[in-house]
Every structure is written in C-alpha cells, then in structure tokens.
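Notebook open, viewer open. I want to go through this one entry by entry and jot down what I look up.

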Amino acid sequence: MINAIIYAILLGCGLAMDASAVSMTNGMNETKMKLPKMILVAAMFGIFQCIMPLCGYFVGNIFKSFLEKFTAIIALLLLSYIGGKMLYEGIKAIREQKKSAKESVNEEENVELEEKKKLTFGQLFIQAIATSIDALTVGLVFIGVGVSYGLDNNFFAILVSVIIGIVTFIFSIISLFIGKKFGELLSDKAQIVGGLILIGIGLKTFIQFIISIF
C-alpha cells in the first residue's frame, strides 16, 4: 500500500508539471486574482488530472490506439489557441498603453485592459483538458499493475488517480502564487510570456509524441 502511494506521488509530480506551468502563467497574467479563484483554478487542474487517468483505465485497450495517436495533437491545438490569443492580447495591450502614454490616460481603458486579462471559466476548462489529456494514456498503464502492489486493480486505479489530482492541486496553487509575483515584475509583458509558455508546452507534448513514434 505504501509503495503504491509513493508510486502515485511520483507519477503525480511528473504529470503536474504542465498544469503547474500553466497555473504560473495564469498567475502572471492576472496578478490580482483572489484566493477563492486561485483555489478554483488549482482544483480544476487537480480534478481533470484525477479524472483523465480513470477514463483511460476504464476505457482500456478499446481506444488505446486512438488515444495514443491524437492526445498530443489535441493538446497542441488547444494550448496553441489559448497561447496565441494571449500573445495577441498582450501585444495589443502594450500598444494601447504606449498610445495612452502619449495621449491622456483613460481610466476606463485601463480597467477594460485588466478585465481582458482575467481568466474566464471557458479558458480554464480548455487549459484543464489540454494539460491533462496525456494522462488518458497513463491510465492504460494501470491495467494489471495493481496486482503487483497486492491491491485490487480498480482500487489501485482510483487511489493513484486521486493522489495525482491532489498533487496537481498543490503544485498548481503554489505556481499561481509564484506566477502572481512574476506577473507584477513583468507587468504588461506577462501576457506575451504566458502565451509563449502555453505554446511551448503544446509543442513539447507534440515533439515528445513524434519522438516516441520513431
């Protein structure tokens, strides 16, 4: 049992890396994010990281070939879309602020810019799917592994998935706090940096998939 928990924690640390990076990006982008929203963001990543391996496990080998072929592509498309949007908004915000510096500063425009930076539930939902979709194939690994730890396979899959979710939540909430600090330092450039990070994560996932083929 203890060995299974250690296995789950280590696996959770590995799977939580992408969610942590995206969480840090969200914190950089929305430096005034309140604690309840931060908890919601971290919980969303944790929940999806918990659900995806279970889906992969219970679906099993039926859709194994499909999952292995398309998860990386889906993650690339989703993260590139969000990252590209953030890049666009970041560049636009910098241009508008330069324009405001030359002209009179409009308080309403500044408020509007801050509102655009805020993470919406729709964006968070897409992020949660994109960063956890590779965990679908991880769930396939659970098939038959529980027995080697002296546990029922179904119980093992649920136990590991829950621990992965908890680890992801912890990593994500810490990353949000770190991101907020960096966001304050980077100011308006945070959106551009954040967009590049998201696109980079998507490319990393896709490149790893291509390498695995060969």
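Before I place anything in a helix: helices here are DSSP runs of H or I with at least four residues, numbered from the N terminus. With that settled, I looked up glycine 90 and found it in helix H3, residues 64-102. One reminder to myself is that this is a predicted model.

**Entry: glycine 90.** Is glycine 90 buried or exposed? It counts as buried, because its relative accessibility is 0%. I then checked how glycine 90 sits relative to isoleucine 192: the two are 102 residues apart in sequence, yet their C-alpha atoms are 5.1 Å apart in space.

**Entry: overall fold.** I went through the secondary structure and got nine helices and zero strands. Read along the sequence, that gives α-α-α-α-α-α-α-α-α. The chain has 214 residues, and 44% of them count as buried. For contacts with a separation of 6 or more, I find that 89% are between residues 24 or more positions apart. The accessible surface comes to about 11,300 Å², with 70% of it belonging to carbon and sulfur atoms.

Entry: The largest nonpolar core holds 37 residues, and the ones with the most contacts inside it are Val41, Phe45, Leu124, Phe142, Phe156, Val160 and Leu176. Which elements give two or more residues to this core? I get helix H1 (2-29), helix H2 (35-59), helix H5 (121-132), helix H6 (135-141) and helix H8 (153-186).

**Entry: serine 161.** I looked up serine 161 next, which is found in helix H8. Serine 161 is buried, because its relative accessible area is 0%. What does its side chain reach at 2.8 Å? That turns out to be the backbone oxygen of alanine 157. With neighbours within four places in sequence left aside, serine 161 is in contact with Gln49, Cys50, Pro53, Leu54 and Phe142. Phe142 was already on my list of residues with the most contacts inside the largest nonpolar core.

**Entry: cysteines.** Cys50 came up as a contact of serine 161, so I ran the disulfide search, where sulfur atoms must lie within 2.5 Å. The count comes to zero disulfides. Cysteine 50 is in no disulfide, and the nearest cysteine sulfur, that of cysteine 55, is 9.5 Å away. Cysteine 55 is likewise in no disulfide, its nearest cysteine sulfur being that of cysteine 50.

**Entry: charges.** Side chains of opposite charge can pair when their charged atoms come close. How many salt bridges does a search of the whole structure find? I get one. It joins glutamate 30 and lysine 37, with the closest N and O atoms 3.1 Å apart. Glutamate 30 counts as buried, because its relative accessibility is 8%. Lysine 37, at 25% relative accessibility, counts as partly exposed.

Methods: Residues numbered from 1 in each chain as written. Predicted model: local features only at pLDDT ≥ 70, side-chain atom pairs only at ≥ 80, totals over all residues. Heavy atoms only, no water. Core = buried A, V, L, I, M, F, W, Y, C linked by side-chain atoms within 4.5 Å. Buried < 20%, exposed > 50% of the residue type's maximum accessible area, 1.4 Å probe, protein only. Salt bridge = Lys/Arg side-chain N within 4 Å of Asp/Glu carboxyl O. Contact = heavy atoms within 4.5 Å. Areas by Shrake-Rupley, 256 points an atom, 1.4 Å probe, with all protein chains shown as cover. Polar contact = N/O pair within 3.5 Å; in protein donor to acceptor, adjacent residues only side chain to side chain.
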